[in-house]
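Let's take a friendly walk through a protein model together. Have the sequence and the 3D view ready, and look up each residue as it comes along.

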Amino acid sequence: MTMSNGNALTVTTTNGETNTSKTLKIFVGYDPCEDIAYEVCRHSILKRSSIPVEITPIIQSDLRKKGLYWRERGQTESTEFSFSRFLTPYLANYDGWAMFVDCDFLYLVDIKELTDLIDDKYALMCVHHDYTPKETTKMDGAVQTVYPRKNWSSMVLYNCGHPKNKVLTPEVVNTQTGAFLHRFQWLKDEEIGSVPFVWNFLEGHNRVVENDPTTFPKAIHYTRGGPWFEAWKHCEFADLWLNEMHEYTNEAKKKIIQS
């Protein structure tokens, strides 16, 4: 299932060029255990976007049926999209820029603000977190793993046409190590661009500094677990997510009635 908003505006890149934008393809990691998280994430993007976006869930069962994913799930994989996320350039036909994002995100601003940061000299762009979680478990009891560049791969802008990203074939995604994929080891450090942390604002880790708008989150990442889990219903920014959820469910009910 793919959702788009049908808008048609322009994207301005950091080199100052302004071009009529292609639809930004956004792939959202999907896990059946977090269906409502996906729906709210999708809603938060579509609601605020002034540029054309096309949102597609990365559903592991569908990828398996298509012969694109056959990897066995490891003990450290807390979601069904732990590795399938790296199929994003392939799913975008290695063309243009596309975004992958975990389903446990809530967008608070227009996604155009993020695309305005795109720089074609990079193979990909993401938040360069320095993050070591304190908790040993997350979400609904999944093991919290610690590794270099943790959470870098949770929200990535891929320059899908970059020659280096053509390495990410189904064969590689299904056979390479977690370290190779999550640490972007197919790239040199200078090929990995950085975006401000507010685009992957880690609930429970990053902090808002009063009167400093550069610290105000633009996209909240409920990486420890969000309000859709009983254990995390009182987490920081829970109210924002719950408000978005209520708006989404109300709109969904109206559509059912109208149909």
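Predicted model: local features only at pLDDT ≥ 70, side-chain atom pairs only at ≥ 80, totals over all residues.

You can find F184 in the loop that runs between α6 (178-182) and β12 (192-194). Now look at its backbone: what is the phi of F184? The value is positive, about 55 degrees, although F184 is not a glycine. That is worth a second look, because most residues other than glycine have a negative phi.

F237 sits in the loop between β14 (219-221) and α7. With a relative accessible area of 16%, F237 falls under the 20% cut-off, so F237 counts as buried.

## The nonpolar core

Which residues have the most contacts inside the largest nonpolar core? They are Y107, M155, F184 and W199, in a core of 72 residues. Helix α1, covering residues 35-48, contributes the most to this core, giving six residues.

M155 shows how parts of the chain come together. Setting aside neighbours within four places in sequence, M155 is in contact with M99, F100, V101, F105, Y107, L114, M125, C126, V127, V195, W199 and N200.

V156 belongs to strand β11, residues 155-159. It is buried, with a relative accessible area of 0%. Not counting residues up to four places away in sequence, V156 touches A98, M99, F100, L124, M125, C126 and F184. So the F184 we began with turns up again, as one of the residues touched by V156.

V156 and V101 are 55 residues apart along the chain, yet their C-alpha atoms are separated by 6.6 Å.

Is α1 mostly covered or mostly uncovered? It is mostly covered, as ten of its 14 residues are buried. Those buried residues are A37, Y38, E39, V40, C41, R42, H43, S44, I45 and L46.

Two packed helices are described by the angle between their axes and the distance between the axes. For α1 and α7 (residues 238-258), the angle is about 85 degrees and the axes are 9 Å apart. The two helices α1 and α7 are therefore roughly perpendicular to each other. On the α1 side, the contact is made by I36, A37, E39, V40, R42, H43, S44, K47 and R48, while α7 brings W241, E244, M245, E247, Y248 and E251. Sorted by class, this contact has six nonpolar, two polar and seven charged residues.

Q60 lies in helix α2, residues 60-65. Q60 is buried, with a relative accessible area of 8%. Leaving out residues up to four places away in sequence, Q60 touches Y69 and E80.

Finally, zoom out. How many helices and strands are in the chain? There are seven helices and 14 strands. The chain has 259 residues, of which 52% count as buried.

Terms used: Residues numbered from 1 in each chain as written. Heavy atoms only, no water. Core = buried A, V, L, I, M, F, W, Y, C linked by side-chain atoms within 4.5 Å. Buried < 20%, exposed > 50% of the residue type's maximum accessible area, 1.4 Å probe, protein only. Helix = DSSP H or I, 4+ residues; strand = E, 2+ residues; numbered from the N terminus. Contact = heavy atoms within 4.5 Å. Axes fitted to C-alpha atoms, helices over the stretch in contact; angles between N-to-C directions. Parallel < 35°, antiparallel > 145°, perpendicular 65-115°, else oblique. Nonpolar A, V, L, I, M, F, W, Y, C, P; charged D, E, K, R; others polar.
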